[in-house]
Amino acid sequence: MKTTIFTDGASKGNPGPGGWGAIIVADFIAPGIVSAQNSVVEIGGRATNTTNNRMELTAVIESLKWVRKSAEKNPAGAAKDIVIYLDSSYVKRGATEWLKNWQVNNWHSKVNKKEILNKDLWQELAAELARGAAQNQKIEWKLIGGHIGIAGNERADVIATSFAEGKPTELFSGALSDYAAKNKIDILKIADDATLVKEKSKSRSHSRAKAYSYVSMVRGAIQTHATWAECEARVKGVPGARFKKAVSVGDEGGIIEKFSQV
């Protein structure tokens with residue numbers, strides 16, 4: 001039995017009010033549905049003071065919790081194969097590359113020895129993954145581009161953004177055929193919009209020409225700089241120093257979080 005999940009997170013500021021959203025598609029009986037070969041359930045939530053990365057993480061955690069609780073109610077319908085589509089490399093890399101090392105190092109960074117950011121959520125995700133593994137559950141993580149026309153990602157973004165703005169959209173729960181008819185989309189079609197991909201590429205090129213700030217990490221200490229000259233003066237000639245340009249306040253926060261995970 002296969003379950004497909006689309007997740008996304010959003011925040012208005014970093015930190016600021018945030019929201020998360022997810023769409024779960026599987027061969028299960030959704031609440032209120034007498035019988036359905038394939039069902040769709042949308043879930044979402046809000047936090048008053050959070051970051052985009054925390055919302056991205058929460059969307060995945062809550063989706064896995066929903067699948068687990070559904071299986072507990074109907075063991076015969078437990079999902080053994082799960083595919084998660086997400087646009088957060090932070091969450092994907094954390095789940096597939098960093099998590100084991102964090103656990104070995106007692107949830108501290110191997111480089112700067114500091115406690116990792118979002119420790120509480122990573123521990124929660126680790127627990128959910130362990131429960132799934134104990135039930136022979138297999139998860140395939142699929143990183144996709146955000147805002148390029150992939151139906152599931154676009155809808156998850158709408159849900160997350162609506163909660164972040166304090167105006168939650170109506171969430172669907174029912175048959176896949178009804179979902180398709182209502183929204184005029186094929187939620188399982190993993191295809192992007194070539195025009196949107198091109199526009200996003202142009203936007204990135206434009207953004208690269210304008211720096212919001214520069215972030216540097218030297219011997220585990222992270223700083224932000226208003227100009228490249230300041231950043232260069234700090235990192236030049238320092239072994240192991242890292243630096244990256246941020247194009248927005250949100251991007252700056254994301255870089256700081258990623259540097260903290262190294």
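Tyr90, Trp98, Trp102 and Trp122 form one aromatic cluster in this structure, which is a predicted model. In total, the structure holds 8 aromatic pairs. Within the pair made by Trp98 and Trp102, the ring centres stand 5.6 Å apart and the ring planes meet at 50°, so the arrangement is a tilted one. Both residues belong to helix H2, which spans residues 89-104, and they are separated by 4 residues, or about one turn of the helix. Trp98 has a relative accessible area of 16% and is therefore buried, the cut-off for this class being under 20%. Trp102, with a relative accessibility of 3%, counts as buried as well.

A further aromatic pair is made by Phe172 and Tyr179, whose ring centres lie 4.9 Å apart and whose planes stand at 75°, so that this pair is edge-to-face. Phe172 is buried, its relative accessible area being 12%, and Tyr179 also counts as buried, at a relative accessibility of 0%.

With regard to the protein as a whole, the secondary structure consists of 8 helices and 9 strands. The protein has 262 residues, of which 44% count as buried. Its accessible surface comes to about 13400 Å², and carbon and sulfur atoms account for 50% of that area. When contacts between residues at least 6 apart in sequence are considered, 68% of them join residues that are at least 24 apart.

Among the strands, E1, which covers residues 2-11, is mostly covered, since 9 of its 10 residues are buried. Strand E1 pairs with strand E4, formed by residues 81-86, and the two run parallel, joined by 5 bridges. Within this pairing, Thr3 has Ile82 of E4 as its bridge partner. Strand E1 also pairs with strand E2, which spans residues 16-26, in this case in the antiparallel sense and over 9 bridges. Here the bridge partner of Ala10 is Gly19, a residue of E2. Strands E1 and E2 form a hairpin with 4 residues between them, in which Gly13 adopts a positive phi near 110°.

Notes: Residues are numbered from 1 along each chain as its sequence is written. This is a predicted model: local features need pLDDT of at least 70, side-chain atom pairs count only at pLDDT 80 or more; totals for chains, interfaces and linings use all residues. Side-chain values use heavy atoms; hydrogens and water are left out. Rings of Phe, Tyr and Trp (its six-membered ring) pair if their centres lie within 6.5 Å; planes under 30 degrees apart count as stacked, over 60 as edge-to-face and the rest as tilted. Buried means under 20% relative accessible area, exposed over 50%, partly exposed in between (1.4 Å probe, protein chains only). Contact means heavy atoms within 4.5 Å. Accessible areas come from the Shrake-Rupley method with a 1.4 Å probe; for residues, only the protein chains shown count as cover. Two strands pair if DSSP finds at least two bridges between them.
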